[in-house]
Amino acid sequence: MRPIRPVSRTGRSLMAVTVTAAAWAVTAMGLAASPATAAPTTTTAPRPGDTCTAADLGTRHPYIKTTEVSPTITHFKGWYVTEGTTGNHTVTTSTQTTISVSVGLNNNIEGSFAAETLGKAGVSVGLNVKVEYSSTSSESNSVAWNFNQPGYYGVYKGTKKVTGTYGSLNCNRVQQGDGSWALKWIEGPDGGNFTTYTTLEEGAVRCQDQVPADSIMAKAQTLLDCGSAAAKAEHPAGAVAPTAQQKRDRLVQRPAPTSGTYTEPSKATGRSARAALDCQASVYKIAVPGKPLSWGAPVLADDGVRLRPSTIFSAHLDNWRLCNVTERNGVFEASLWNWGNGGCATIAGQNPAAERAVLMTAPCAEDDLQRFYIYRDVPGSSKIGVQNKYTGSMMGHDRYADGEFIRQYSSGRQDGTGTYTLIGV
């Protein structure tokens, strides 16, 4: 599923600031956050309402909202065994259903968030499931079986398909009942669907066999269409043509495409497109806490946002405005417009869910790739975490160095390097 768009607006409450009033303005607009020192990130999987620290502002974790387990036949063949033909046979089956492992936008399970999601899904249903990308279509479709009695068999391979929905836990400030503020793991605005499956099993089953209900074997038995004339008829030994039921089930069980969508950005220039944005007057640097490097937009279109020092030669490439700001449950959503090059921060659309994709700028457009959630520490500190709305990934950097790219990480940077400060200028 796509992230839910917040509906309330902050209006004009984010006011212009001067250098001397910067700290006050950041607090007043609600984008300030907590104490400068942060404890190490916990290694225990968080739950909604658990306490988090400022270092967690740039991270996220999945939690499982719903699950469904359904026995599914991936390969099948009707096979008739006559007197004198019992014994070992190798049966080449036909593909019945293809199951691909996927989480959210795509099925390339390359990020830690996707693997953690699948692992938690398996735990929630008590099954060992695939936690990396795979597809049942790549499995061999030959089944070797010892048929010790004559009869009409369904030779199959099958699995337990596990599907469901997940949510995202993000660290954000929460106001307590006594009016004080604390950092808690809250349900973030993003979430999605997942699909995975257990190890394939294979076998053969007849209509008269007694099998457990809701088992893979029972699912294969239904494909035999035992009440049909084709199932009751005598056949030569060997393969039997698919019944009408088998043909229908093959069509019904074909998976729908799961790829995400991407809207081509507007071709207008950054400066002309900015006129369509409702940008706040305040200007900010997005900096590494306690250090001089901050986000610097590129001059060249094919370059990315990098950590840069702020100097008189920065040409406002280190200055950002928040545009079209909305708020939902204490989480701000905004477009990040750069004063220096006139573009908006974005993740490139060719493969938007790619782990470690570089943050770039592009002509501003109505595009969720250009929208970001901002998670804040408690009032009194300017620490924030930044998350792309479309991909759900958190912004961070691999190492602290001049020229280092700002990238997206599906679970964020667990060492705290995804926590930044929003400094009014």
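Biologist: How much of the chain counts as buried?
Modeller: Of its 425 residues, 53% count as buried. Keep in mind that this is a predicted model.

Biologist: And how many helices and strands are there?
Modeller: The chain has six helices and 22 strands.

Biologist: What about contacts between residues at least 6 apart in sequence?
Modeller: Of those contacts, 72% join residues at least 24 apart.

Biologist: Switching to aromatics. How many aromatic pairs are there?
Modeller: The count is four. One of them is W295 with W320: the ring centres are 6.3 Å apart and the planes stand at 85°, so this pair is edge-to-face.

Biologist: Where do those two sit in the chain?
Modeller: W295 is in strand β12 (residues 293-296) and W320 is in strand β14 (residues 320-328).

Biologist: Is W295 buried or exposed?
Modeller: Buried, with a relative accessible area of 0%. W320 is buried too, at 1%.

Biologist: What is the geometry of W295 and Y420?
Modeller: Edge-to-face, with centres 5.4 Å apart and planes at 80°. Y420 lies in strand β22 (residues 419-424), 125 residues from W295. Y420 is also buried. W295, W320 and Y420 form one aromatic cluster.

Biologist: Which charged residues sit over rings?
Modeller: K291 lies over the face of Y400, 4.5 Å from the ring centre. The charged end of R413 sits over the ring of Y409, at 4.9 Å from its centre.

Biologist: Back to helices. Which residues of α3 are buried?
Modeller: In α3 (residues 216-223), they are I216, A218, A220, Q221 and L223. After α3 comes D225, with a positive phi near 50°.

Terms used: Residues numbered from 1 in each chain as written. Predicted model: local features only at pLDDT ≥ 70, side-chain atom pairs only at ≥ 80, totals over all residues. Heavy atoms only, no water. Helix = DSSP H or I, 4+ residues; strand = E, 2+ residues; numbered from the N terminus. Buried < 20%, exposed > 50% of the residue type's maximum accessible area, 1.4 Å probe, protein only. Contact = heavy atoms within 4.5 Å. Phe/Tyr/Trp six-rings, centres within 6.5 Å; stacked < 30°, edge-to-face > 60°. Lys NZ or Arg CZ within 6 Å of the ring centre and 35° of its normal.
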